[in-house]
Amino acid sequence: MDDLYREVIIEHYKNPGFRGHLEPHDIQFEDSNPLCGDHIEITLQTAEDGTVKDARFDGHGCAISQASADLLIESIIGKPVEDVKKLTKQDILDMLGIDLGPVRLKCALLSLKVLKAGVYGLGEASDSLVE
Amino acid sequence: MSLNINEIRKDFPILQRETSPGVSLVYLDSTATSQKPLPVIEAMDSYYRRSNANIHRGVHTLAEEATTMYEQARVKIAKFINAKSAHQIIYTRNTTESINLVAYSWARANLKAGDLVILTEMEHHSNLVPWHILYAERGIELDFIPVTEDGLLDMDAYRALLLRNPKLVSFTHMSNVLGTINPAAEIIRLAHEVGAVTLIDGAQSVPHLKVDVQALDADFLAFSAHKMCGPTGIGALYGKMELLESMPPFLGGGDMIKEVKLRSFRPNTLPHKFEAGTPAIAEAVGFGAAVDYLSSLGMENVAAHEHEITEYALERLEEVPGVKLFGPSAENKGGVAAFTLEGVHPHDVAQILDQDGIAVRAGHHCAQPLHEKFGIPATSRASFYLYNTKDEVDLLVNGIYKVKEIFG
């Protein structure tokens, strides 16, 4: 089992490096997973060269949702925003290093959904962003 | 008489399965849906093998048999809740559809802007959203009996609400999260004193307690087969005869009519007036078999067994540091233990328990407002039925200790 709860996940859940809220920010977006009440907010500052200058996530939820948010934020700082737009479900699963069933997949992908809705400047986060 | 649980467990083939090699299923999610005993599975299997035909109006042997089986099940269900007549049992898809039937038919014919409907803060979404829709469409008013800190309805607040002359009081008999068994007879008596009609959401009570509609003086009672050993896809609405007779049809189509012209129709008599289209026939047969099964055990015995398990579960769970239980003490509670574990999200609790074959539910259990009231997004919920044992409670508690270990 302990596959699903690999140390890296528990560690990022308990001691996240990128939890917080940036003020001021250039991009802000939040959304919830109605099934379990997971909630993620992402704030992001962009640099003039089109890269992510800094980013933070905030929210609450299960270990999978919070750890994947922390890993995701860690991975995008310094990256071109255009690359962030191209992130996929598989990138998240690779970071987590686990396979997930359909229910838990929603937990894992919430932060990516929020991030992409934010960088694309969308009004609403849609599941199609992470498929 | 106390139940022989080992014998009962043999009736449920699914309880013999493993969730992964060497890991036996520990099914603690009967509040979501119960497992099905062999007599139910076999009745439905035999219906399809021997008797399948569309019901009513057919004159051939199979149509006669299918119609008889469909209607016999209705008689059994009526008897199970002590309805005066089987005509008072309307087949629906489930509790949700039963409540919607009342909201679409009775309420639209009887409620106008400003009329008050009283609900409670512990309702399942199925007894909230139909009334939200009517609120938006018609401007009815909604108010709610508050839930106290220990998970009971505030009956003084209810008495105060009744001074505003509600037209309808619609409430859950047993909370699917807190397990609270509400004082239905008293709620109904007080509502009747001010002339209000009552609707009981019996999704959790009918499977677990002896529910007698005449003793309760219930106006409407909604319940589902799948939570009481029967199949999914079928439920029932009980109503007082004069109410059902006065109500306009809900869905239009075949079987609900007496006569159809190109531009008009005359509705059929009860219960068919509310059963448009080909119904869930095999499911009705299964529903009847489920009621037979529960009756053969005796609902008093089922309730007594669940009470014993619940008392034990609450006692064991309370010992675990970091576990917080929601809802009243065992005396006012059905077989439900909703809890949080400090520092661990309910989803993670459920996921880790699943690795040991233990099936519990995590989330807001379709009662989001109730969770908001208690200031939590979600809980883990273990629920117990006639086939659960104290050993399974022990496995649950061991599993929770394992969760604590992983999350250190």
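Predicted model: local features only at pLDDT ≥ 70, side-chain atom pairs only at ≥ 80, totals over all residues.
Now pick out where they meet. The contact takes 22 residues from domain 1 of chain B and 21 residues from domain 2 of chain B. Stay on the domain 1 side for a moment and show α11 (299-318), β14 (336-341), α13 (368-373) and β17 (379-383) of chain B; each of these supplies at least two residues of the side that touches domain 2. Zoom in on α11(B), because that's where the largest share of this side comes from, with five residues. Colour the domain 1 side by residue type and you'll get 11 nonpolar, six polar and five charged.

Next stop: the largest nonpolar core. It has 159 residues, and the ones to click are B:Ile81, B:Phe220, B:Leu221, B:Tyr238, B:Val285 and B:Ala290, which touch the most other members. Then select helix α10 of chain B, residues 281-297, which gives this core its largest share, 10 residues. Keep your domain colours on here: domain 1 and domain 2 of chain B both give residues to this core, so it lies between them.

Last, centre the view on B:Val285 and look at what surrounds this residue. Leaving aside neighbours within four places in sequence, B:Val285 is in contact with B:Ala43, B:Met44 and B:Tyr47, and also with B:Met69, B:Tyr70 and B:Ala73.

Conventions: Residues numbered from 1 in each chain as written. Chains lettered and ligands numbered in written order. Core = buried A, V, L, I, M, F, W, Y, C linked by C-beta atoms within 7 Å. Buried ≥ 20, exposed ≤ 12 C-beta atoms within 10 Å, placed from the backbone. Helix = DSSP H or I, 4+ residues; strand = E, 2+ residues; numbered from the N terminus. Domains from an automatic or database assignment. Contact = placed C-beta atoms within 7 Å. Nonpolar A, V, L, I, M, F, W, Y, C, P; charged D, E, K, R; others polar.
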